[in-house]
Amino acid sequence: MKTPQTDWQQLAWAGITLFAPNDWYVTHLRVTQNESYIRMEDDEMVRFELSCMTVSPIQQINLREQAEAILSKMAKEAKRRGEEFSQSVDTKLVGRHQVKGRDVLTFSWAGKYIGEGMLWWCGKCNKVLAAHVIGVRGEKLKELAKKLFTGISDHSEDEWHRWKLFGLDLKIHSSMRLCGHKVEAGFVRLQFKRGDEDSIEVARWSTADLMLKGTTLDKLAAQVLKEHLKKFEVSYRHVHLGSSSHEGIELFGKAKMPLKTLQLFLRQLTKRSLMPRLRGLMWKCDDTNRLFLVLAITASEGENEFEQVVNSFKCH
Ligand SMILES: [Zn+2]
Ligand SMILES: [Zn+2]
């Protein structure tokens, strides 16, 4: 039987925040303009899934119908595998008052595994959420699911979205979309875009001491920025962030372009557009022995967006 988890971690992406047991980790993340999906597993099995969809404000949402559709699909799959399956809709595991007035409906099922499900609709941001906590028979899943479900928040109170995933913790403006992410042992990168002109990427590397062995932060940054150095003329300066244990380098870049491209580019410019600029900050966090990078490329005004991202960053 699974032992009840005591330590919980916070996760945040695209305006959603939640708490989950510490020993679950994200194995799948998908974020598009109107949808997002996250899956968490422990060492043995899938433990949690959350999908979120933004619907039109006039769309009628029938949570009961949706719950029944989810369950009937699961029942069919179980039948095909020759497994027993039982289900219950409207289990009242959480009430409206516990989820700040959102329309909510909970359901549960038992087959080879057991599950607690929740559907909710938020009238403020028009998001429909479907969440599932999965466990093994005999586990006290209701308690766990209730704690998790009531800790979910589906929209941020301001224009900034917190992203707290894979050891990164920072805020990105809500007009930026996640356009790519990479998660490897010792390396994580999230890439965001707004239109064609503005992008921000954030990254972290583990074992900073090993990475800096026999090299310097400048050289490492040059290596990391290799692709950008083809397009930008980059200058840098050494900085100390907050405390002396955070040595870093700040990068400033101006687009370099062949004359022909430049002329073409200038012709296409509207009065408000600017030449693309690069701003970056790479630093070593001694508290965590990690290296972090924030890199922004922008051709629009909004000068201090980069600073705001950097200021929101929690590296330890
Ligand atoms: Zn909402
Ligand atoms: Zn730090």
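Biologist: What percentage of the 316 residues in the chain is buried?
Modeller: The model is a predicted one. A residue counts as buried if 20 or more other C-beta atoms lie within 10 Å of its own. In this chain of 316 residues, the buried share is 31%.

Biologist: How many helices and strands does the secondary structure of the chain come to?
Modeller: The C-alpha atoms of the chain fill a box of roughly 70 × 45 × 40 Å along the principal axes. Among contacts with a separation of 6 or more, 46% join residues 24 or more positions apart. The secondary structure of the chain comes to 7 helices and 18 strands.

Biologist: What separation lies between the centres of domain 1 and domain 2?
Modeller: The domain assignment of the chain places domain 1 at 8-150 and domain 2 at 160-312. Taken over C-alpha atoms, the centres of these two domains are separated by 35 Å.

Biologist: Which element gives the most to the side of domain 1 that touches domain 2?
Modeller: The contact takes 11 residues from domain 1 and 10 residues from domain 2. On the domain 1 side, the elements that give two or more residues are strand E1 (8-13) and strand E3 (25-31). By class, that side has 7 nonpolar, 4 polar and no charged residues. With 4 residues, the element that gives the most is E1.

Biologist: Which residue of E5 stands opposite Ile38?
Modeller: Strand E4 (residues 35-41) and strand E5 (residues 46-54) run antiparallel and are joined by 7 bridges. A hairpin of 4 residues leads from E4 to E5. In E5, the residue opposite Ile38 is Leu50.

Biologist: In E9, what is the bridge partner of Ser51?
Modeller: E5 is joined to strand E9 (residues 127-135) by 7 bridges, and the two run antiparallel. Thr54 has Lys127 in E9 as its bridge partner. For Ser51, the bridge partner in E9 is Ala130.

Biologist: What is the average twist in the sheet ordered E12-E13-E14-E18-E17-E16-E15?
Modeller: This is an open sheet of 7 strands with antiparallel pairing. Strand E12 (177-184) and strand E15 (232-240) are the edge strands, each pairing on one side only. From one strand to the next, the twist averages 10 degrees.

Biologist: Which helix lies across E15, E16, E17 and E18?
Modeller: Helix H7 (residues 305-312) lies across strand E14 (198-205), E17 and E18, at about 160 degrees to E18. The helix across E15, strand E16 (246-255), E17 and E18 covers residues 217-224 and runs at about 40 degrees to E16; this is H4.

Biologist: Against which strands do the buried residues of H7 pack?
Modeller: The buried residues in H7 are Glu305, Phe306, Val309 and Val310. They cover an arc of only 135 degrees around the axis, so they lie on the same side of H7. The buried residues of H7 pack against strand E11 (168-173), E14, E17 and E18.

Biologist: Is Lys100 buried or exposed?
Modeller: Lys100 sits in the loop between strand E6 (86-89) and strand E7 (103-110). Although not a glycine, Lys100 has a positive phi of about 50 degrees. Because Lys100 has 12 C-beta neighbours inside 10 Å, it counts as exposed.

Biologist: What is the phi of Thr207?
Modeller: Most residues other than glycine have a negative phi. Thr207 lies in the loop between E14 and helix H3 (208-211), and is exposed, with 12 other C-beta atoms within 10 Å. Its phi is positive, though Thr207 is a residue other than glycine, with a value near 45 degrees.

Conventions: Residues numbered from 1 in each chain as written. Chains lettered and ligands numbered in written order. Predicted model: local features only at pLDDT ≥ 70, side-chain atom pairs only at ≥ 80, totals over all residues. Contact = placed C-beta atoms within 7 Å. Pairing = 2+ DSSP bridges. Axes fitted to C-alpha atoms, helices over the stretch in contact; angles between N-to-C directions. Domains from an automatic or database assignment. Nonpolar A, V, L, I, M, F, W, Y, C, P; charged D, E, K, R; others polar. Arc of directions from axis to C-beta.
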